[in-house]
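The structure is shown first.

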Amino acid sequence: MSLTELSGAPASEPSAAAENPARPARRASPFGALLLRLHFYAGILVAPFLVVAALTGLAYTTTPQLDTILYGDQLTVAQVGDRPLPLAEQIGAARNAHPDGSITAVQPGDGNRTTRVVFSLPELGEKQHTVYVNPYTAESQGQLTTWFGSTPAVTWLDDLHRHLHLGAVGENYSELAASWLWVMALGGVILWWRRRGAARAAARHLLVPDLSAGRGVRRTRGWHATTGIWLTVGLLFLSATGLTWSRYAGANFTAGLDALSARTPEISTSLAAVPVEPAGGHHHADAGAGGTVESAAFDRVLTVARDAGLAGPVEITPAPAPGTAWTVTQTDNTWPVHKDRIAVDPATSSVTARSDFADWPLLAQLSGLGIQAHMGLLFGLVNQILLAALALGLLCVIVWGYRMWWQRRPTRTDRRALAGIPPVRGGVRGLPLWALLIGVPVTVATGWALPLFGITLLAFLVVDVIAGAVTRRRRPAAAPTSPAPAGT
């Protein structure tokens, strides 16, 4: 798996044959030597980024429980009433608690969930103030600064995982880790399969560690490789989903979806004519995203949405501009997800447009589901546990990989070193022409699609060439030999 051959053993390992003399030593192929050396460099130089991503991701898996502990008083009600009060009354309570700003969204509460009234202010930028209202008493239960609905703690951990609170520059770390994770995972599986030799032994030790050696590098390799095999599918999933919203690779992914007409479809909010707002009566007017709106309009729009089949938690967004429709979006991210959306004209209480999740392009559906699973939301607690196990397993695999590298270090007095030597070079020179004709364009295309992968791969090649040149210059020339004197 990732770091399977991080030990730095040369492509043809004599010690393995010594441990099992019954098995003939495998002659290293050029492909195996090249993959081993690439795996070595990636393991040494990229693994630290994976450690950071695994640790921050592990912390993020705890966010649902963290929200309950830190913000339970805002997010939930102590006692569930018979039925929620009209949204107009709840919005009025939120406005009294937060006089400034315009209302950009309302998420009606039900069950033990509070109603969330979201206010935008210019000085907050992308963030908002969310006021939490008891839907049964219309009492404000507090206010938090949120980011797309996320609480401050979740926002902080999300920023830590995505860019280490370093902004756009920090995003490069997570994209670099995701760009190499799939390469290291697949490369490790291939290397481990080649090492196992016999088919029966390969199948057995794919799922059960080879612990025939009591100690040393072989035992460490057994735990390292088998754990990696168990993690392979999950790590490939994390790599793919992480890249979909990364900075550079994510932009290429979005461009690909556009070319295939597979992006999440937009919903039209245009209206034929600018509607005249009805009289507010005893319901007060409020500032919304599109100007002054009637608070009672939220109740009318919610009624239309329920009649249209939008059950469960929803978010109501006022018209973004005069003469446009309101939108109502289902926000249930657990499986089976509910992501249907409608546009509503509050003046006529009619649905003007609709976009159902079932009608989205397949790639858009898979992308949406993948992101929710990556965030630990799709399958609830089970999703959280699986992600935590992946993070812990990846950390173990990396630690075992570095341990193998250290265990393979030369210990002879004249060759003592702090770590194992790199695998032998020369794999590229030994590849057949057809492999180069296929491999080079594929590598270039992959580097274009995943720019940080391409840049670092090129850097690895440059470092390897320089290291080879330095080694050749330092290698002492062979001393000339002369015939031995007669009679000796």
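Thr146 lies in strand β4 (residues 140-146); strands (E, at least two residues) and helices (H or I, at least four) are DSSP runs numbered from the N terminus. The model is predicted, so local features need pLDDT of at least 70 and side-chain atom pairs pLDDT 80 or more, while totals for chains, interfaces and linings use all residues. Residues are numbered from 1 along each chain as its sequence is written, and side-chain values use heavy atoms, without hydrogens and water.

Thr146 counts as buried because its relative accessibility is 1% (buried is under 20%, exposed over 50%, partly exposed in between; 1.4 Å probe, protein chains only). Its contacts (heavy atoms within 4.5 Å), leaving aside neighbours within four places in sequence, are Lys127, Gln128, Thr130, Tyr132 and Thr151. The side chains of Thr146 and Thr130 are joined by a polar contact of 2.7 Å (N or O atoms within 3.5 Å, one able to donate a hydrogen and the other to accept it; residues adjacent in sequence count only if both atoms are side-chain atoms).

Nonpolar cores are sets of buried Ala, Val, Leu, Ile, Met, Phe, Trp, Tyr and Cys residues joined through side-chain atoms within 4.5 Å.

| Core | Residues in core | Members named |
|---|---|---|
| Largest | 34 residues | Leu50, Trp180, Leu235 and Leu394, which touch the most other members |
| Second, separate | 24 residues | including Ile91, Ala297, Trp326 and Val328 |

In the largest core, α2 supplies the largest share, 9 residues.

Helix α2 (residues 30-60) also holds Leu34, which is partly exposed at 31% relative accessible area.
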